[in-house]
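Hi there,

Here is the structure I promised to pass on to you. Have a look at it first, and then read my notes below.

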Amino acid sequence: MISLNIPGFGALNIEHLVLDYNGTIALDGNLLPGIGKIIQELSVDIEVHVLTADTFGQCEENLLGLPVSIHIISGTEEDKAKLDYINSVGVEKCACIGNGRNDTLMLKEAALGIVISGPECMSMTAARSADIAASDIIHALGLFTHPIRLMTTLRY
């Protein structure tokens, strides 16, 4: 667990890190370089989950051997399916990272929502729902490998 009491923001007790796949930790279905190593490191302190519609059908193969829970979303209401998922693990214990419009609800409702602007860019709807915007996934994940960065970003 990552626990912080952030002045002006409140207490964070993060047990689950929920990651969107395509556009967030992957590009065109392929896991971005260095992400596997960071996931390994993070999994010591928190549970890592990956939510995806798996557009390219490569998610499970690319994450094979990594300590993650993969949840494939089907249907047309992906945003609601992602929200349902974080509700099932406890929104108050969740940090979420995504970039797309279908990440908006989970970014808004999670204890901590982080939007990234990577190679696929980011939805402005998602950006308006997040607590933090990061320039890329490496910087976003760095907030959890170096949690004091969360404090300096979120405090008043």
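**What I found**

Let's start with threonine 24, which sits in the loop between β3 and β4 (26–27). The strand names come from DSSP: strands are E runs of at least two residues, helices are H or I runs of at least four, and both are numbered from the N terminus. Before going on, please note that this is a predicted model, in which local features need pLDDT of at least 70 and side-chain atom pairs count only at pLDDT 80 or more, while totals for chains, interfaces and linings use all residues. Residues are numbered from 1 along each chain as its sequence is written, and side-chain values use heavy atoms, with hydrogens and water left out.

Is threonine 24 buried or exposed? With a relative accessibility of 1%, threonine 24 counts as buried. Buried means under 20% relative accessible area, exposed means over 50%, and partly exposed is in between (1.4 Å probe, protein chains only). Leaving aside neighbours within four places in sequence, threonine 24 is in contact with Leu32, Ile97, Gly98, Asn99, Ile116 and Ile137; contact means heavy atoms within 4.5 Å. With asparagine 99, the side chain of threonine 24 makes a polar contact, side chain to side chain, at 3.3 Å. A polar contact is a pair of N or O atoms within 3.5 Å; within protein, one must be able to donate a hydrogen and the other to accept it, and residues adjacent in sequence count only if both atoms are side-chain atoms.

Asn99 turns up again beside serine 123: not counting residues up to four places away in sequence, serine 123 touches Asn99, Gly100 and Arg101. You will find serine 123 in the loop between β9 (112–116) and α5 (124–129). Serine 123 counts as buried too, at 16% relative accessibility, and its side chain reaches the backbone nitrogen of threonine 125 at 3.1 Å.

**The sheet**

In what order do the six strands of the open sheet run? The order is β7-β6-β3-β8-β9-β10, and the pairing is parallel. Two strands pair if DSSP finds at least two bridges between them. At the edges are β7 (68–72) and β10 (132–134), each of which pairs on one side only. From one strand to the next, the twist averages 20°.

Here are some of the pairings:

- β3 and β6 run parallel and are joined by five bridges; leucine 17 has valine 48 in β6 as its bridge partner.
- β6 and β7 run parallel as well, also with five bridges; leucine 51 has histidine 71 in β7 as its bridge partner.
- β8 (residues 94–98) and β9 pair in the parallel sense over four bridges; isoleucine 97 has isoleucine 114 in β9 as its bridge partner.

Helix α6 packs on this sheet, touching β3 (16–20), β8, β9 and β10, and its direction makes about 155° with that of β9. For such angles, axes are lines fitted to C-alpha atoms (for helices, over the stretch in contact), and angles run from 0 to 180 degrees between N-to-C directions. Why is strand β6 (residues 47–52) largely enclosed by the rest of the structure? Because five of the six residues of β6 are buried.

**The cores**

A nonpolar core is a set of buried Ala, Val, Leu, Ile, Met, Phe, Trp, Tyr and Cys residues joined through side-chain atoms within 4.5 Å. The largest one has 37 residues, of which Ile97 and Phe144 touch the most other members. Helix α6 (residues 137–145) supplies the largest share of this core, five residues. Apart from it lies another core, of 16 residues, including Tyr85, Ile86, Cys94 and Leu107.

**Cysteines and a chain contact**

Finally, look at isoleucine 6 in strand β1 (residues 2–6). Isoleucine 6 is buried, with a relative accessible area of 1%.

Enjoy exploring!
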